[in-house]
Every structure is written in C-alpha cells, then in structure tokens.
Amino acid sequence: MKVKGKVWKFGDHINTDDIIAARYLNTTDEKELASHCFEVIRPEFSKNVKKGDIIVAGENFGCGSSREHAPISIKGCGVSAVIAKSFARIFFRNSINIGLPLIELKEVDEIEEGEELEIDFDEGIIKNLNTGKTYKFQKYPEFLQNIINSGGLMSLARKTVEKK
Amino acid sequence: MTISQKILAKHCGREEVFPSEYVECSVDLILANDITGPLAIEEFEKVGAENVFEPSKIVLVPDHFTPCKDIKSAELVKKIRDFSKKYGVKFYEIGSVGIEHALLPEEGLTLPGQLIIGADSHTCTYGAVGAFSTGVGSTDVAYAIITGKLWFKVPETIKFYYYGKLNDYVGGKDLIIYTIGLIGVDGANYKSMEFTGPVIENLPIDDRFTMCNMAIEAGGKNGIIKPDRITEEYLKEIGLDIKIDENLKTDSENDYEKIIEIDVSKIEPQVSAPHLPSNSKSVREYSNVKIDQVVIGSCTNGRISDLRKAAKILKGKKIHPEVRCIIIPATQKVYKQALKEGLIDIFIESGCVISPPTCGPCLGGHMGVLAKGEVAIATTNRNFIGRMGHPESYVYLSNPEVAAASAVKGKISHPEEV
C-alpha cells in the first residue's frame with residue numbers, strides 16, 4: 001500500500017487531551033470527533049487537513065488517556081499515517097486495533113511542515129518529495145501485522161463469533 | 001521473571017515469557033466506563049456477537065460525566081446501562097457508583113495475581129494489590145468481552161527502590177510525582193514500574209493506590225507492588241480472607257531492566273506545574289502562585305485517608321475568600337465514612353463544597369470547570385493543557401495536605417504554613 005500527503009508537524013508529548021479535548025467525549029461519532037481534532041493546540045487543523053495528509057511528531061505521541069476517540073478523530077480527518085519518534089503505549093495499541101497506520105522514525109527532525117511525503121508500507125520506505133530524501137522504517141512484527149492484515153482486532157473477534 | 005511477567009505467563013498458560021514477545025492472555029476482569037464503554041459496545045454489536053464470554057468478569061462504571069451533565073452523556077450512560085441489563089453484566093447505578101479505580105478494589109473485585117484490563121488509562125491503579133493491571137482501548141475491551149482474551153507485549157520491568165525516612169506531609173502522591181519528574185512522562189513507556197524498598201513495605205494501601213494510579217503518567221504499562229502483610233490486612237478489612245501466593249515476587253535482581261534508587265529523605269511535598277505531571281518540584285518553589293480553585297478527590301487521591309489528611313489541615317480554618325474548594329469523595333463508602341468521622345462537617349464549616357463521587361473536574365467534564373486564565377491546584381493526576389477547562393487555564397498537581405493548605409492561604413502553600 002502507498003499513500004501520499006502533506007506534512008502537519010507536531011512536537012513531543014502530544015497528549016490525548018491535545019488530540020481531542022475531554023469535553024467532546026460525550027459522542028462516539030467519527031465525523032464529530034474529527035471536527036474537534038487538535039482544536040485546543042491547532043484550531044485550524046480540522047478545517048484545513050486534506051485526505052491523505054500525514055502527521056509528523058516527536059517523542060511519546062498520544063500519551064495520556066486511553067480514549068480511542070483520539071486515534072478515531074485523527075483517522076476521521078482522513079489522515080493516512082502518523083510518523084513519530086515514539087508512541088505512547090495505549091495510543092499505539094488503539095491505532096493498531098482500529099487500523100490507523102503508525103510509523104516510528106528517528107529522523108523526523110529532517111521533515112518540515114508542509115512538505116509532501118510518500119509512504120510505501122510494503123517496502124517500509126518514506127520518500128520526502130520536496131527534499132528527495134528517503135527513509136527506511138521498521139515494519140510491524142508478524143503478530144501485529146496479522147491483526148492489521150485481518151482488518152483490525154474486531155475482524156479477529158468476528159471469527160470467534162462465527163465459530164460459536 | 002518479575003512479578004508482572006509471572007502474571008502474564010500464568011495467564012497465557014506458559015512456564016515463562018520473555019520481554020518484547022507478543023502473547024495472548026486470558027483476563028480476569030474487564031472494565032469500561034461511560035466514555036469508553038459505548039465505543040466498545042458499538043464494536044461488540046458490529047461483529048454480531050450475541051454473548052459476552054463471562055458476565056461476572058465484566059464491570060461497567062458510569063463515573064466520568066455522572067450524574068449526567070447533559071443529554072449526550074445521558075445517552076452514553078443509557079447505552080452501557082441497557083447493555084448490562086441485556087447481558088447480565090455488573091453496572092453501578094447512581095447511588096452505588098463511585099470513581100472506578102477506588103470502587104473496584106473496595107468491591108473486592110481486584111485481587112493479587114489477577115490480570116485486569118480496563119478501557120481507562122488509570123486502570124494501572126490495581127497494581128497496588130499485586131494485580132497486573134493495565135489501561136487499554138475500547139476495541140480491546142470489545143474483543144476481550146467476546147473472547148475473554150487480549151494481546152500483550154511482554155514488558156521489561158524497572159525497579160524503583162525507595163529508602164530513607166519520609167518527611168512530614170510526604171506520601172504516595174509526592175513519591176510518584178517526584179519519580180515522574182525524575183524519569184519524565186515517557187520514562188517508563190511500555191514498561192512495568194515495580195515499586196519496592198523499605199519505604200514501600202511500610203506504605204499504607206491508599207498511598208500504594210496513588211502511586212500505581214500514576215504509573216501511566218510516566219508512560220508505564222503497569223505499576224505494581226509485591227503483595228505483602230499490608231495487602232493482606234487490606235483484603236481482610238474489605239471482607240476477603242486471601243492467602244497471598246508466595247510466588248508473587250520477582251525472582252532475581254537480574255530480571256529487572258533497570259534499578260532506580262530514591263532517597264526519600266530528600267523529598268519535600270511535591271507540586272507538578274502546568275502542563276506536564278513531570279514538572280514536579282518542592283512545594284516551596286511555587287509559593288507565590290495564586291489560585292482560584294482547589295479540587296480534592298479523583299481516582300488518585302479521593303480515598304478516606306486522603307480526606308482525613310485534608311480535613312486535618314482544614315479543621316477550624318476558613319477557605320480563602322477568593323478560592324473555591326471542591327471535595328469529591330471517590331465512592332459512596334468513602335463519603336459515608338467521611339460523614340461518620342465528622343470530616344464532611346469540617347469541610348462544610350471551612351467553606352468547601354462536597355460533590356457526589358465523579359471524575360468530574362479532573363478531566364474538565366463538569367462540577368468545577370475552569371475559565372480562561374484561572375489556576376487550580378488539584379489532587380488529580382493530569383495537568384495537560386485545557387485538562388480542567390479552558391485551554392488557557394492552569395492546573396497544579398499535589399497531595400491532599402498541600403491542596404488543603406493552599407485553599408486556606410489562597411496561594412500554593414506548604415501545609416506547615418497553616
């Protein structure tokens with residue numbers, strides 16, 4: 001799978017309250033959650049983000065609460081992938097489980113706001129279309145790849161339901 | 001293996017597990033609340049599931065926006081209430097509900113050696129009784145309530161060894177926010193935090209809950225304390241006569257990834273400044289910070305011993321005229337006990353308001369939301385941007401004595417000042 005999109009750059013320790021403020025957790029609607037994505041720290045984000053755009057961030061992206069509303073709101077904005085130096089644990093598993101692609105990359109400081117990236121998930125390669133630089137990233141371990149290939153955790157659950 | 005690794009091994013039917021491997025484990029208890037439960041239920045329904053794997057192992061606790069603050073939150077609570085009726089799952093109605101991480105231990109649902117998951121990041125609280133307990137997402141919960149199982153990456157364990165004599169007004173809250181300050185908000189990302197040493201061996205159970213509760217604020221997968229005499233006494237107190245498995249301990253020092261030693265005699269009451277829990281320093285460093293609101297409560301510090309500590313400071317004193325002080329007993333049982341001991345009288349006499357048990361202001365939900373520019377000191381666990389209300393409001397974190405003393409003085413204060 002290949003995706004292409006414009007970079008939205010964020011810093012370290014972007015937490016789940018930054019991604020979706022708790023006052024909007026009284027809904028589970030993806031579109032509504034998407035409309036408040038990053039509202040507190042970047043009010044223009046949800047209005048200007050385009051389908052396929054890519055979030056690039058520093059350390060510990062998604063730290064804080066277990067709210068799955070956070071990756072759902074990002075996915076709901078049409079974001080095709082989040083690239084960060086590291087991810088917080090619960091955010092990581094939530095994203096895997098709902099099928100929002102995450103990539104760990106140490107060289108994110110070389111990528112600037114507004115640049116265009118192309119990500120080849122099968123080859124594990126990110127290409128910066130502005131600078132021409134390419135980066136290799138580690139693909140998921142087999143266990144997680146299996147969850148993703150199955151279409152997320154609930155597709156596995158569906159198999160259990162059908163067996164019963 | 002460490003305690004955490006042993007519990008995971010036992011729950012995937014293996015003699016041994018190794019850090020970084022992925023395992024699928026059976027779980028003993030699954031928790032969701034009014035925010036995360038509805039999403040899990042939607043996923044459950046989407047795949048056409050007709051049954052939960054075991055109703056007695058699933059608990060739904062509507063504690064975040066309750067008593068319901070608006071129509072939308074009422075709809076969410078209705079969703080988990082209806083689900084619980086349909087599938088025979090435990091649900092705590094208003095009148096019996098409390099803040100989940102104070103309520104479940106009180107109800108005797110969290111036990112040493114168990115593997116517990118909850119769609120709430122502070123599920124790590126139950127490590128205080130020696131359970132492997134960790135926060136997950138709603139889809140995880142949906143999968144687990146159908147299958148009884150969930151995937152885990154086996155974590156490395158960091159040992160925290162606390163020694164020395166505790167200073168006055170220093171407790172579990174100070175130890176944990178000091179520790180987070182030391183290692184940072186991702187200092188234990190993906191890892192188990194095992195709290196050990198002579199200080200922990202003598203630390204009361206409520207302080208242990210506070211410490212394990214905030215493991216997530218350092219990125220920890222779980223916090224855990226080896227169950228011991230204090231755990232056993234606590235379990236007896238809540239009516240459970242349980243012999244603790246002697247094997248629930250870490251085998252060797254070599255099993256830890258890292259050992260961090262902390263001399264507690266150097267730790268003064270701590271305050272974490274906005275906007276990260278890791279911004280912790282001695283309360284004296286913030287003595288000129290004026291405050292508008294004080295919140296004493298939450299899954300971190302809303303237990304009876306926390307209220308006793310606050311009441312001891314507030315007895316015979318008045319809350320500063322320009323400060324609002326909100327007291328939130330974490331559960332009905334805590335509330336009732338506080339009434340019985342006369343703590344509620346002390347709070348009301350001094351000018352506090354008492355809220356029903358709820359997460360409420362901790363996440364800026366209701367019952368004490370901040371306006372632009374306002375400053376609060378709270379015994380809660382997070383001080384992210386906008387956490388308690390307006391994006392330009394400010395939250396400082398502290399223990400109950402510091403919060404109470406600050407409420408009297410109108411600015412952040414050391415308890416010895418009142």
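Two strands count as paired if DSSP finds at least two bridges between them, and strands themselves are DSSP runs of E with at least two residues, helices being H or I runs of at least four, both numbered from the N terminus. Keep that in mind for the first stop.

This is a predicted model, where local features need pLDDT of at least 70 and side-chain atom pairs count only at pLDDT 80 or more, while totals for chains, interfaces and linings use all residues. Residues are numbered from 1 along each chain as its sequence is written, and chains are lettered from A and ligands numbered from 1 in the order in which they are written.

**Stop 1: strands in chain A.** Select residues 2–9 of chain A, strand β1, together with β2(A): the two pair in the parallel sense over three bridges. Zoom in on A:Val7, which stands opposite A:Ile54 in β2(A). To get from β2(A) to β3(A), follow the chain through helix α4, residues 69–76 of chain A, in a right-handed β-α-β crossover (with the strands pointing away from the viewer, the path from the first strand over the helix to the second runs clockwise).

Are the faces of β2(A) covered or open? Show residues 54–57 of chain A: A:Ile54 and A:Val56 on one side, A:Ile55 and A:Ala57 on the other, are all buried, so both faces are covered (buried means 20 or more other C-beta atoms within 10 Å of the residue's own, with C-beta atoms placed from the backbone).

**Stop 2: a core residue.** Select A:Val82. Leaving out residues up to four places away in sequence, A:Val82 touches A:Ile55, A:Ala57, A:Phe61, A:Ile74, A:Leu100 and A:Leu102 (contact means backbone-placed C-beta atoms within 7 Å). A:Val82 and B:Val294 touch the most other members of the largest nonpolar core, which has 179 residues; such a core is a set of buried Ala, Val, Leu, Ile, Met, Phe, Trp, Tyr and Cys residues joined through C-beta atoms within 7 Å.

**Stop 3: chain B.** Colour domain 1 (3–263) and domain 2 (270–417) of chain B separately; the bounds come from an automatic or database domain assignment. Their centres, over C-alpha atoms, are 24 Å apart.

Terms used:
A residue is buried if 20 or more other C-beta atoms lie within 10 Å of its own, exposed if 12 or fewer, and partly exposed in between; C-beta atoms are placed from the backbone. Two residues are in contact if their C-beta atoms, placed from the backbone, lie within 7 Å.
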